[in-house]
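Student: I would like a close look at one part of this model. Please take me through the ligand site, then the helix packing.

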Amino acid sequence: MNEFRLDGKVALISGSARGLGAATAETLAAGGAKIVIADVLDTVGKETAAKLGADNAMFVHLDVTQEADWEAAIAAAIKRFGSIDVVVNNAGIETAAFLSDCTLEDFKRTMEINVGGVFLGVKHAIRAMKPGGASGRGGSIVNISSGAGLKGIMGLGAYSTSKGAVRLLTKAAAVECGRLNYGIRVNSVHPGMVKTEMGAKTLQDYVDLGLMSDVASAETAFAAAHLLGLGRPQDVANGVYYLASNAAQWVTGIELSVDGGVVAA
Ligand SMILES: NC(=O)c1ccc[n+]([C@@H]2O[C@H](COP(=O)([O-])OP(=O)(O)OC[C@H]3O[C@@H](n4cnc5c(N)ncnc54)[C@H](O)[C@@H]3O)[C@@H](O)[C@H]2O)c1
């Protein structure tokens with residue numbers, strides 16, 4: 001069973017000050033990994049890292065759209081903990097609008113963070129993990145897409161577009177890393193709705209778009225669309241944990257739905 005442990009691994013999780021990223025950080029730490037909390041939210045990020053203990057976790061400021069931030073964050077992880085073995089590209093934003101109303105500015109901002117940010121994370125993870133890289137011992141990259149990256153979602157056109165791109169960026173990276181024998185696995189996770197700050201925003205957005213009368217009705221409707229109701233941050237973190245671990249050593253290029261069955265329904 002020790003293929004399910006993460007001892008000796010160093011994991012950087014983007015957007016892990018709060019929400020699904022913070023739950024993932026806590027879960028990977030419980031499995032024995034050293035954790036790099038990376039986010040634009042410096043105060044909250046430092047608090048999240050402090051909860052995991054100074055020996056187990058550090059905070060780095062990372063805006064995923066800034067290439068220099070990625071270089072510095074990965075260098076800091078290797079300097080502090082000796083390697084980089086897991087990169088979870090979790091940071092993202094949700095923007096809601098009907099496509100006929102969505103501004104080009106909002107569309108581009110969504111793509112810049114959700115796709116550009118994951119691209120830079122994948123690029124610099126591969127550079128560090130591949131043979132001859134600064135860490136150089138392979139690893140696992142997990143990209144957080146969404147159920148909205150597998151099917152079109154009302155009112156979330158820009159977001160769905162970005163998450164669909166993350167799905168195929170993941171497969172392209174898996175193919176390159178596999179064919180070039182880098183020892184790096186790349187997979188995507190597709191969560192259903194979890195009531196983080198983003199999940200709560202989506203419920204409010206459905207009211208603002210006139211699709212639901214109030215937030216409580218929106219939550220009831222979203223829960224009903226999921227065969228198993230809404231999820232917990234821990235449910236998503238558990239899926240990431242599996243892909244990060246050696247238990248998934250023969251798993252690359254997959255899309256793992258952790259979604260209470262919402263895409264199947
Ligand atoms: N909550 C859900 O229902 C749900 C469902 C499917 C997919 N997801 C995806 O899961 C991921 C995490 O979502 P969440 O629910 O925890 O959201 P959240 O808004 O609670 O947390 C997102 C985190 O990302 C950080 N972030 C945003 N922009 C950043 C940037 N440019 N650089 C670095 N960090 C940045 C934020 O500061 C925040 O800490 C996102 O990619 C989201 O699209 C969430």
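Tutor: Start with the ligand. A polar side-chain atom of R18 sits 2.8 Å from one of the ligand's oxygen atoms. That is a polar contact, meaning a pair of N or O atoms within 3.5 Å. The backbone takes part too. A polar backbone atom of V194 is 2.8 Å from an oxygen atom of the ligand. For L62, a polar backbone atom is 3.4 Å from a ligand nitrogen atom. In total, 26 residues are around the ligand, and L20, D39, N90, Y159 and T196 come nearest. Here a residue is near if one of its heavy atoms lies within 4 Å of the molecule.

A word on the source: this is a predicted model, where local features need pLDDT of at least 70 and side-chain atom pairs count only at pLDDT 80 or more, while totals for chains, interfaces and linings use all residues. Residues are numbered from 1 along each chain as its sequence is written, and side-chain values use heavy atoms, with hydrogens and water left out.

L20 leads us to the helices. L20 belongs to the α1 side of a contact with α8. Helices are DSSP runs (H or I, at least four residues), numbered from the N terminus. Helix α1 (residues 19–30) packs against helix α8 (residues 233–244) at about 55°, with the axes 8 Å apart. Axes are lines fitted to C-alpha atoms over the stretch in contact, and angles between N-to-C directions run from 0 to 180 degrees. The two helices are therefore oblique to each other. The cut-offs are these: under 35 degrees is roughly parallel, over 145 roughly antiparallel, 65 to 115 roughly perpendicular, and the rest oblique.

Which residues of α1 meet α8? They are L20, A23, T24, T27 and L28. Their partners in α8 include P233, V236, V240 and Y241. Contact means heavy atoms within 4.5 Å. By class, this contact has 9 nonpolar, 4 polar and no charged residues. Ala, Val, Leu, Ile, Met, Phe, Trp, Tyr, Cys and Pro count as nonpolar, Asp, Glu, Lys and Arg as charged, and the others, Gly among them, as polar.

Now take another pair. The axes of helix α6 (residues 197–208) and helix α7 (residues 215–225) come within 9 Å and cross at roughly 115°. That makes α6 roughly perpendicular to α7. T202, L203, Q204, Y206 and V207 of α6 meet V215, A218, E219 and F222 of α7. The classes here are 6 nonpolar, 2 polar and 1 charged.

Technical notes: A polar contact is a pair of N or O atoms within 3.5 Å; within protein, one must be able to donate a hydrogen and the other to accept it, and residues adjacent in sequence count only if both atoms are side-chain atoms.
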